Structure formats: structure tokens, C-alpha cells
Number of protein chains: 2
Amino acid sequence: MSARILIVDDTPSSVKMLAAKLTNEYYEVLTADAGRAALKAVEEDAPDLVLLDVMMPGIDGFDVCQQIKQNPRTTHIPVVMITALGGREDRVRGLEAGADDFLTKPVDDTTLFARVRSLVRLKRMLDQWHLREETSERLGFRTDTVDVIDGGTGAHIILVDDSTVQKSNIQEILGADSHRITVIDDYDASGKIVDIGGDVIVISLSTDSDAPLRLASRLRSLEPTRQVPILLIGDTEDMDYFIKALELGVNDYLVRPIDEHELIARVRTQVRRKRYQDRLQANLMQHLSMALTDSLTGLHNRRYLTTHLESVMGRMPEQDKPVSLLMIDIDHFKKVNDTYGHAAGDEVLFEVGQRILRNIRGFDLAVRYGGEEFVVEMPDTPVEVALGVADRLCETMANEPVRISGSKDKISVTLSIGVAESRDGGETADELLKRADEALYEAKRAGRNRVIPTPPKTARDAPEARPG
Amino acid sequence: MSARILIVDDTPSSVKMLAAKLTNEYYEVLTADAGRAALKAVEEDAPDLVLLDVMMPGIDGFDVCQQIKQNPRTTHIPVVMITALGGREDRVRGLEAGADDFLTKPVDDTTLFARVRSLVRLKRMLDQWHLREETSERLGFRTDTVDVIDGGTGAHIILVDDSTVQKSNIQEILGADSHRITVIDDYDASGKIVDIGGDVIVISLSTDSDAPLRLASRLRSLEPTRQVPILLIGDTEDMDYFIKALELGVNDYLVRPIDEHELIARVRTQVRRKRYQDRLQANLMQHLSMALTDSLTGLHNRRYLTTHLESVMGRMPEQDKPVSLLMIDIDHFKKVNDTYGHAAGDEVLFEVGQRILRNIRGFDLAVRYGGEEFVVEMPDTPVEVALGVADRLCETMANEPVRISGSKDKISVTLSIGVAESRDGGETADELLKRADEALYEAKRAGRNRVIPTPPKTARDAPEARPG
């Protein structure tokens, strides 16, 4: 996949060589010769990947990396640090600054391109989430700033390894970084891994077989583990294996002998990435569900009711089961607002919502229909049962005044409830709502604080009205 | 990237050979030996790609393909048909049935893997959208069934070609399929293509240079064209070029001599894919914005106001500009509902929203605050100006009764409006709303149908109350 790559290096010859390699593979190349210029390019030109030299005058590579990763607008852009040979300490420092990987000078082409392809693919995927987050912001959602400086510790790591000595070593290192570790010693256990559902999967190569690679591949093709980071641990001789693994979607690898700090840093990077993505996903879910819930009471809203009721009533002709509806209004609610203020009025609305929830069954649907009106949708429920629920609700409101927080006031509130049942699928959701509303109107007219059923559309004896 | 691939073929030896090739590259392989079994596997095992033989007893390959593509749950799964040599007619029929490509037996490995990689990448991207659509459905959104049987005609095609004869040929063929075509004869014109923004980009190779490939690559790295399908047209000798192009993110290619039907079918496939994705994207946008709008009036809702007002007031200390707020309530609205019914009440609410919109400026924000209450947020506006707007609004409601649809009723409605201004950033959004609410309460107490300002928090002479 083509991509835009930013090369940051103060040595013109290094830039030129790397740029030629990448251009030859049809990547778009941008360059910057110093830290400040790099940060500007990252903000303005939206590269898909940054190849970043460590040693630069002014702001050095570590600082640049850290600033990219701590900026919510750029944190999803992968950074590969380019270090001098043997600088193990530099590498760990780079990873701790948030780098996704490092490459050693002179840069080996196969490793470079395998890593670039893998990170560009990751970036494309994160782009989709990132873009969506920006869309939410533009629409006007309050987006909780994603905590980009997550430590990356305290995660659940699944370690797949069948060598006893080695796995207890890894377990000890990661355990010391506050991770919880589940060890699996079977490279065929993809099903088990799916069931466990960890944050990062570490696969340690201990055999010559391709079982570990098969496992990684299977985890990538299974829906639940598709986005879970995978880190391989192997030997220098396994380089071809690593490169193949990156192609298959493995996220990172570590070469033995295991450097404790490097293992910790690489696992943290994957944990952070996973959490970042999880958070963006959770934000989206939250924003979507806001469209269907009432923010004051936490109940579903009218929009949700309409869709839901239509779908329930659409299934009625086949199922021959009744649906009942309660249309609930708080009596003289305006007076509550006028006497005690809007804040107290809001508390009453909230409390009515809570009492409705406590008095219905799990499969009933409680909705704030608007203002001081609520609706309860009761599938598979004949009107007699619905009337029982309505009566109970009416009584509990009338008998227990609502206590207002931070005051001694207790507000007496009563409800009027209209009840309607639909049985044969011969009417629309709108018609059923209208009949429940008419019954509510009758309850108001008859003096409030009571439940009134409406006769069902099919000719049946309607149960009698009774005060609540 | 690893993936799950379903091979459908009734000849065991064909299945075995293809399965071995794919397994060797670490793909997960599923198999089905007949059409019905294939459809079952597609529904239940969620493959990332289907390799589909044409000739099978029972339901043949064309039917299987069509059924996969017409099912909203599986339409995003790519299908490659495997045809006998030379069956040009079969190929077009396959494309018309919705196939993403066909391969000719015996299957050439390089072509196979290039195509598989390209389609799996596409699938992964569509998965994200598809998953989101399913999430919306699960949350309870009414998702308009995406029209999967879109004809794929009538799109805007950008044709890049510098050969006069050839381009007029292509133009004629695609024009006959109701596409609008913009021709560009410069392979460096990525900027122009971004500006034009077509549905599909067709790049016809007419030189030996790599300019067309550079163009494709640039289009893939630019944000606006990243998801726009690209189709290459070239010669049999360009096969290496095509394979490289697929790796870079080009979606499809066509080999000369141009078969009219094949060109039309391949372009249609890309148009359909683009539209499918656009629609899923639009659905998401719509669902997200629902969370911030009031469905009855189309105005923004209280949730949006809170976030917006907080951000406007947060900027106040630097900007030293006042913000004014109108808190508007419909007088005796309950009576409207009781006298004319809820439907008429809803019409009144809608009409009040419309009149508010007509009386404010483009940068003011109109909000349905709840029930029969509205708020107008006026940035950079001193209270004197806000009072003028409020007076006008009050008058227009009092002077022009609301006409109710399908009836001769005209309902006389008046408004009470409280106005508050915040100037020095010394109060919160909540406090400003509360002050506007108090002014509204004063307007009600003073007899309704009037505008009352509240004195600003900083000591200033408050303008006098006046009836609206």
C-alpha cells in the first residue's frame, strides 16, 4: 500500500539514500533536517510514518518522538527511530519515548520494507478511528481527550510458550511490570486464546516448526483477536520468520537474548496501542448510544421507542402475542418546576424514571417520551398484566414522595397512566401510541392519579377503569 | 495479512491444489463442494474472500455470487470467480453478478496472490464499516437497508489518458453507460483530480514511463482520494506493472484490447463499491448527529448546547466579547395539546423552531432545550442586540397564529423570553443559563407574552423590561 513517509535526519546523504529507496518502491517521501521542522511537517503534512534519526542538533529524536506521541492529533502516526549500531540503551529509550520500532544503521532493505508495510497497514486502520473521532468533535461532541500518555502497564498478557525455563523468565519480567499473565503451552490453542481475550499476545518461538506462525495467522483471521497486538520472541536466525510474520499481521518481534527493558518497552507499546484503539471505539459507541437515550434519566428516548415498537409490532402477525403500552404523565409537573425550581424538577424526572425501571421486567422497555411523559413498552404482555404494573407504579409514586438532594423537601408526585394493548397486528405503532395517549387523557380528565385502559382495537370486553 | 478464504469447487483435485497453495502462504482455508454449502459457509463462517468455481451442479457460480452480493450481511465479502480459459462471456457474466474479479484456470500464482492480497485489504477496510453498521443496528438504530443491487451506472468517472484516439473510445463506452466523464491528459495532475473529486479514477497506460503508477501511488497517499477506486487499463505485457499496482492499492485492471462489456462491468463494480462505502459512512454521520439534534424540530438539542456554550464561554476571557442567551417558553402550551391534540402541539413546536431560525443570524445557535422551551445562543452579541431579536420573535408569534395542516384551525401562540448576557467570563455556562431562566420566570410572572432581561453579573444598568 502506498503511503506518505517523513524522513527526519540532519545528514543530507542519509536522507538522500533512504529517500531513493522509498521512492523506488513508490512511497511519497517528505523530508525534514531538524526536530522543529519535523514537528511542523508531522502536524501539517499528515505523514503515514516517520523515520526518525536520534542524533540531531537542537531537539533530538527522542524529544521529537515524545512530542508526536503526546499530541492527540498525531499520536496515531507510527514512528521508527533510526539508531547507531549496538546502541541498545538508545533503543530502549526510543521505545520508552513511544517509538513503534527502531532500525539500525546501515538500514537493511528487507527489514525496512517489512516494517514499513506493517506500520503503514496499522496506520491505515487507526486512521479510520482517528478520522471518526475528529468527525465527532466537529459535530460537536465533547470528546474526552484520549489519555495518550498511558503507561502501558497493568494489562492482561497471554504468553504462548512450551519451554518451561524460558516462559518463567518472561513471566517474571512482565509480572514485575504489573501485567497479569496467562501462560499457554500449546501452539494450537487459538480457541482458548479467543476465550481468554487478553490485551496482548506474546508468542515465544521454541520449536523449528511453523506452528507459532500458524497460530499468529489463525489469530489474525478470527474476529475476536483480529485487532489484538501480537509480539513474537525468537532468535537472530529467525529473521525470515519475523519478516513473514509482519506480513501476516504480527505487530512486533524481539530477538533473544531477551533484554528485560526492551521486552517491557515493546509490550508497553502494544498495550498502549490497544488501549488507544479501545478508547476510540468506546467513544464512538457512547456517542452513538447518546442518540438513543435521554441524558437526564438515562432511559431510552422517543426515537429508540419508535424503531423498537415498530419492529416488535412488525413481528406480531406471525407470533400472535399481544404488546401492551403504558403512557405515563406526571400530574401537575409544571407546579413542581415553578415551586421548587428546575433542578428539583429534574430530580423528580430522574426518580420517576428509576421507579419505572424498578417496577418493570427485564424485557420491558422504559422510555422518556418527552417533557414529563414516559412510555413503557411491554412485549408479550396482555393488558391485564400491564394494568397490574401500572397500578403498582401509580401507588408507589403516590405513597412515597420524592426526596430532593441537599434539602429537607419531599415532593409529593402522582402519575396518570393510560394503558393500551395491541393484539392482532392490525394497527401501526403510531396508532397504538395514540390510543394509549387517549387513555392517558381520560385518566387526567377523571381526576388524575389513576390508571385507565383503552379498549383494544379488536372487539373485547375492556377491563374497567380503576383509580391508582 | 492473514485471512480466511473459502474455496468453492466441485472437483476435489482443484480444491486440493488451490488449498495447498493458500495454506502454504498461511491463509486459513475453508472449502465447499457445491453452491448451497458455499452459501451456508459464507453466512456462518464469515470468510474474507471467496474463490468461486463457475461450473457446479445445482446452484452454479453465478447464482452463488449474486446471492452473496445481494445479501446485506455478506455483500462486502469479495468474490473471485474461477473460469475456464477464454470464457470472455463467462467473465462478463461473473462481473455482472457482482464478482470482484475472475481468474483463469490454471491459476497463475503471482496473479492469484496479488489479487488475494489486494481484496483482503479491501475487505479489512470494509469490515470496519460493516461492523459499525451492525453496531448501530444492535444499538437500535433504524438502518436503511443499503441498496446492494445498485446498478453502478450514472457515476462521475475521471479518465486519465494522454492518447487521443484511445481516450475517446473509452469515453464513448463509459458515456453510453450513463457515466459523466472528465478527461485529464496529464499523469502529474493529482491535485486537479483531488479538486474534481470523481467516483472512480480510470488510468489508461499509454507510455512506458512509470508516471501512471506514480500517479496512482500519489492518489493513494492523499487524504481525499485515499478511498476512491482506481482502475488501470494496459496491455498484456504490463502484467508486472498491474501486480505492482495492486500492491500499491489500485483496485482493478483491464487488459487491452478493450472489451466494451468488460470495461463497463468492471467500472460498475468499482462504482458500486464506492457507493456502498459512502452510504455506510453517511449512515454513521447521520446516527452520530442524531445524538445532538432534536428530532421533532430539527434544531440542536440541549446536549449540544451545553458543550457548545461551554466552549464559547471558555474562550471569553481572551476575547472580551459578550455572549447573550434567549430562554424562550411557549405560553400555556399544555392547553394547545389538550385542546387540539398532540399532533397539533407538535406542529406548533416545529413552527416555533422555524420562526426562531428565521429571526436569528447564521452564527447564532437555536436549540430545543426540552418540552416547550427553546434557547438561542448569540455569540459576540451584547444584550441590547439580543433584546431586539427577542422582541421581534415575540411579536411575530403574537401577530401570526400558527396554521395547522389539514385543518382550518389557526392557533394563537405567544412566547415569554428571558434574556441574559455574560461579558467577563466570570460565570459558568450553567450560571448563565440559570440567569436567563430566572428572567424567563419574571416574564411569566409579569403576565407572559413579553421579553425580560436579567441584569448582567457585572454591575451595569440593566435595560428596562418591556412587553413583547
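Helix α8 of chain B (residues 211–221) is largely enclosed by the rest of the structure, because 9 of its 11 residues are buried. The buried residues of α8(B) are B:Pro212, B:Leu213, B:Leu215, B:Ala216, B:Ser217, B:Arg218, B:Leu219, B:Arg220 and B:Ser221. The model described here is predicted.

**The sheet of chain B**

Part of the setting of α8(B) is a sheet: the helix lies across β6 (156–160), β8 and β9 of chain B and runs at about 160° to β8(B). That sheet is open and has 5 strands in the order β7-β6-β8-β9-β10 (chain B), with parallel pairing. At its edges are β7 (180–184) and β10 (252–255) of chain B, each of which pairs on one side only. From one strand to the next the twist averages 20°.

Strands of a sheet are held in pairs by backbone hydrogen bonds, in either the parallel or the antiparallel sense. For β8 (residues 200–204) and β9 (residues 230–234) of chain B the sense is parallel, and 4 bridges link the two strands. Within this pairing, B:Ile203 stands opposite B:Leu232 of β9(B).

A further helix, α10 (residues 260–290) of chain B, also lies across strands of chain B, namely β6, β8, β9 and β10. The direction of α10(B) is at about 175° to β10(B).

**The sheet of chain A**

Chain A has an open sheet of 5 strands, ordered β7-β6-β8-β9-β10 (chain A) and paired in parallel. The edge positions are taken by β7 (180–184) and β10 (252–255) of chain A; each has a single partner strand, so one side of each lacks a neighbour in the sheet. Ignoring direction, neighbouring strands of this sheet are turned against each other by 20° on average.

Strand β9 (residues 230–234) of chain A runs parallel to β10(A) and is joined to β10(A) by 4 bridges. Here A:Ile233 has A:Leu254 of β10(A) as its bridge partner.

| Helix | Strands it lies across | Angle |
|---|---|---|
| α8(A) | β6, β8 and β9 of chain A | about 160° to β8(A) |
| α10(A) | β6, β8, β9 and β10 of chain A | about 175° to β10(A) |
| α8(B) | β6, β8 and β9 of chain B | about 160° to β8(B) |
| α10(B) | β6, β8, β9 and β10 of chain B | about 175° to β10(B) |

**Contact between the chains**

The contact involves 39 residues from chain A and 40 residues from chain B. On the side of chain A that touches chain B, at least two residues each come from α5 (109–139), α8 (211–221), α10 (260–290) and α11 (302–314) of chain A. The largest share of this side, 6 residues, is supplied by α8(A). By class, the residues of this side of chain A are 13 nonpolar, 16 polar and 10 charged.

**Helices α2 and α3**

In chain A, helix α2 (residues 35–45) packs against helix α3 (residues 61–70) at an angle of about 20°, and their axes are 10 Å apart. An angle under 35 degrees counts as roughly parallel, so α2(A) and α3(A) are roughly parallel to each other. Their crossing is right-handed. On the α2(A) side the residues that meet α3(A) are A:Gly35, A:Ala38, A:Leu39 and A:Val42, and on the α3(A) side they are A:Asp63, A:Val64, A:Gln67 and A:Ile68. This contact has 5 nonpolar, 2 polar and 1 charged residues.

In chain B, the axes of α2 (residues 35–45) and α3 (residues 61–70) come within 10 Å and cross at roughly 20°. That angle makes α2(B) roughly parallel to α3(B), and the crossing is right-handed. The contact is formed by B:Gly35, B:Ala38, B:Leu39 and B:Val42 from α2(B), together with B:Asp63, B:Val64, B:Gln67 and B:Ile68 from α3(B).

A:Ala366 belongs to strand β13 (residues 365–370) of chain A. This residue counts as buried because it has 24 C-beta neighbours inside 10 Å. Leaving out residues up to four places away in sequence, A:Ala366 touches A:Leu299, A:His300, A:Gly353, A:Ile356, A:Leu357, A:Ile360, A:Phe374 and A:Val376. A:Met378 is 12 residues away from A:Ala366 along the chain, and the C-alpha atoms of the two are separated by 9.0 Å.

How values were computed:
Residues numbered from 1 in each chain as written. Chains lettered and ligands numbered in written order. Predicted model: local features only at pLDDT ≥ 70, side-chain atom pairs only at ≥ 80, totals over all residues. Contact = placed C-beta atoms within 7 Å. Nonpolar A, V, L, I, M, F, W, Y, C, P; charged D, E, K, R; others polar. Buried ≥ 20, exposed ≤ 12 C-beta atoms within 10 Å, placed from the backbone. Pairing = 2+ DSSP bridges. Axes fitted to C-alpha atoms, helices over the stretch in contact; angles between N-to-C directions. Parallel < 35°, antiparallel > 145°, perpendicular 65-115°, else oblique. Left-handed = near helix turned anticlockwise from the far one by under 90°.
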